[in-house]
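Please look over the sequence and the model shown below before reading on.

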Amino acid sequence: MKTIKTFGKTFPLAALLSATAFAGAEAHVSFLDKEASQESTILATLQVPHGCDGKATTEVRVKLPEGFVFAKPQPKAGWELEVIKGDYQKTYDNHGDKVKTGAVEIRWKNGNLSDDFYDTFVIQGKVSGVEAGTSLAFPVTQMCGDAVTAWDQVAKDGGDPHGMKSPAPLLKVVAGDSHGHDHDMAGMDMTGMGMTGKAGMDMTGKTGMDMTGMGAAAPAGETVKAGDLEISGGFAKAMLPGQPVGGGFFTVKNSGQTDDRLLSVTSPVSGEVQIHAMETKDNVMRMRQLKDGVAIAAGETVKLEPGNLHLMFQKVKTPFKQGDTVPVTLIFEKAGKVDLVLQVLSAQSK
């Protein structure tokens, strides 16, 4: 039975929620698409339809089953992100690399999803080494401040989960197409944000171009100078079709004797551009928005690169495709506005 725990006490859910809370066909946490082909890379989209006893959802934790590997979550505006890593039970092949460890739990934290609304939480991953007909269970813990709701019941021996009050979201594995579409998706660094920690393309050797006051950005990949600042190596990574979030990277060198700060970034191709930091400690990856921007100290060089500092494009109008360009305007505290064009590279570029 699903329960709500408050201040160490546990109460049956039926005593706390009215019958109408589960009147809808999908009142529990579930997947938008409930099937996935063998050996395919997918976007597993969890739907959270309501809070806990009327309280707003503040955290969503998802445990990943064996057979769902190389997982990378989609960041969400206003939420912190944690990825818990651990050992797989088996070894999996990732384009010739033998992989034994990866994400085993995803946590979206410190958000605020009102009980009046629903939202989705997306994880990119590959279904691998799983027989057709198998259902993969993804136990979910939904936290609403001091209240906790567990969606973790799994029917035994293939039984019907529909009678359960707190079923874990299930993903049924179906026979795959040997020609699938995994090649174009696999290896993507968290929809372009670079969770693998691989360094991005370094183009700092390009010939410099002083665009100050010219009112136009340099061609994609070219170095742009603004006062004592030199911005180079700008690139983004190709995104999945329908993916609303993308990542951008570049290098800023401050050759002057005065500190500066990257305050914000805008782009006509997305609804919002945020500056994020990413770090991994004790097998836990955390990502947070830098609302105060990034300091560019005098005489120092700051890199926005996969697995570290990066731009996050929110509500992207058209997913970035390899060969395209992404215009951005960087706003510095002292150097002012600087136009930059990012090259869109392959999702698998290193």
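A residue is called buried when its relative accessible area is under 20%, exposed when that area is over 50%, and partly exposed in between, with a 1.4 Å probe and protein chains only as cover. The model is a predicted one, in which local features need pLDDT of at least 70 and side-chain atom pairs count only at pLDDT 80 or more, whereas totals for chains, interfaces and linings use all residues. Residues are numbered from 1 along each chain as its sequence is written, and side-chain values use heavy atoms, with hydrogens and water left out.

**Overall make-up**

- The protein contains one helix and 26 strands, where helices (H or I, at least four residues) and strands (E, at least two) are DSSP runs numbered from the N terminus.
- Of the 350 residues in the protein, 46% are buried.
- The exposed surface comes to about 16800 Å², of which carbon and sulfur atoms supply 48%; accessible areas here come from the Shrake-Rupley method with a 1.4 Å probe, and for residues only the protein chains shown count as cover.
- Among contacts (heavy atoms within 4.5 Å) with a separation of 6 or more, 70% are between residues 24 or more positions apart.

**The disulfide**

- One disulfide is present in the structure, the term standing for a pair of cysteine sulfur atoms within 2.5 Å.
- The disulfide is formed by C52 and C144, whose sulfur atoms lie 2.1 Å apart, and the link is right-handed, with 65° about the S-S bond.
- This pair links distant parts of the chain, 92 residues apart, since C52 sits in the loop between β5 (41-48) and β6 (59-63) while C144 belongs to strand β12 (residues 140-144).
- C52 counts as buried because its relative accessibility is 2%, and C144 is likewise buried, with a relative accessible area of 3%.

**Nonpolar cores**

- A nonpolar core is a set of buried Ala, Val, Leu, Ile, Met, Phe, Trp, Tyr and Cys residues joined through side-chain atoms within 4.5 Å.
- The largest such core has 34 residues, and V62, L64, F68, W108 and V127 are the ones that touch the most other members.
- At least two residues of this core come from each of β5, β6, β7 (68-73), β8 (80-94), β9 (97-109), β10 (119-127), β14 (170-174) and β21 (284-289), with β5 giving the most, namely four residues.
- Another core, of 32 residues, lies apart from it and includes F250, V252, V326 and F332.
- In soluble globular proteins, nonpolar side chains tend to be buried together.

**S30 and the four-stranded sheet**

- S30 is placed in strand β3 (residues 30-31) and is buried, with a relative accessible area of 4%.
- Not counting residues up to four places away in sequence, S30 touches T45, L46, Q47 and P169.
- The C-alpha atoms of S30 and A168 are 7.6 Å apart in space, although these residues are 138 residues apart in sequence.

- Strand β24 (residues 310-316) is mostly covered, as six of its seven residues are buried.
- Strand β18 (residues 246-254) runs antiparallel to β24 and is joined to it by three bridges, with G247 standing opposite M312 in β24.
- β20 and β24 also pair in the antiparallel sense, over six bridges, and E272 has Q314 as its bridge partner in β24.
- Q274 is located in strand β20 (residues 270-281) and is buried, with a relative accessible area of 4%.
- The side chain of Q274 makes a polar contact with the side chain of E272 at 3.3 Å, where a polar contact is a pair of N or O atoms within 3.5 Å and, within protein, one atom must be able to donate a hydrogen and the other to accept it, residues adjacent in sequence counting only if both atoms are side-chain atoms.
- Leaving aside residues up to four places away in sequence, Q274 touches A77, Q289, H310, L311, M312 and Q314.

Conventions
Pairing = 2+ DSSP bridges.
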